[in-house]
Amino acid sequence: MDDRQPETRSDTLQNVAENLFQEIQEHFQALTATLTLRMEEMGHHIEDLQKNVSDLMVQAGIEASVKEQMTD
């Protein structure tokens with residue numbers, strides 16, 4: 001004999017809400033991981049760009065004048 005009570009409407013709604021919350025949480029975690037990775041990649045690109053600009057400034061012979069302006 002089955003002693004379980006039939007699932008009530010509120011139990012069903014609670015299960016649906018819990019499942020929806022779990023799905024949203026999983027999507028949010030995936031989005032957070034993706035954004036973190038993209039931000040790290042962007043940081044690397046910015047560092048590369050800064051290095052390239054510095055190299056170009058050295059080649060152009062203007063590095064000293066720019067450093068002097070920044071310290072004034």
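Is Asp55 buried, exposed or partly exposed? In this predicted model, Asp55 is partly exposed, because its relative accessible area is 32%, a value that falls between the limits of under 20% for buried and over 50% for exposed. The protein that holds this residue has 72 residues, of which 1% count as buried, and its secondary structure consists of 2 helices and 0 strands.

**Helix 1**

- Helix 1 runs over residues 9–60 and has 52 residues, with a span of 75 Å from its first C-alpha to its last, which is close to the 76 Å expected at 1.5 Å a residue.
- Gly61, which comes just after helix 1, takes a positive phi of about 75 degrees.

**Salt bridge**

- Side chains of opposite charge can pair when their charged atoms come close.
- A search of the whole structure finds 1 salt bridge, and Lys51 forms a salt bridge with Asp55 in which the closest N and O atoms are 2.9 Å apart.
- Both Lys51 and Asp55 lie in helix 1, where a separation of 4 residues places them about one turn of the helix apart.
- The Asp55 side of this pairing with Lys51 belongs to a residue that is partly exposed.

**Surface**

- The accessible surface of the protein comes to about 7,000 Å², and carbon and sulfur atoms account for 58% of that area.

Note on methods. Residues are numbered from 1 along each chain as its sequence is written. This is a predicted model: local features need pLDDT of at least 70, side-chain atom pairs count only at pLDDT 80 or more; totals for chains, interfaces and linings use all residues. Side-chain values use heavy atoms; hydrogens and water are left out. The expected span of a helix is 1.5 Å times one less than its number of residues. Buried means under 20% relative accessible area, exposed over 50%, partly exposed in between (1.4 Å probe, protein chains only). Accessible areas come from the Shrake-Rupley method with a 1.4 Å probe; for residues, only the protein chains shown count as cover. A salt bridge is a side-chain nitrogen of Lys or Arg within 4 Å of a carboxyl oxygen of Asp or Glu.
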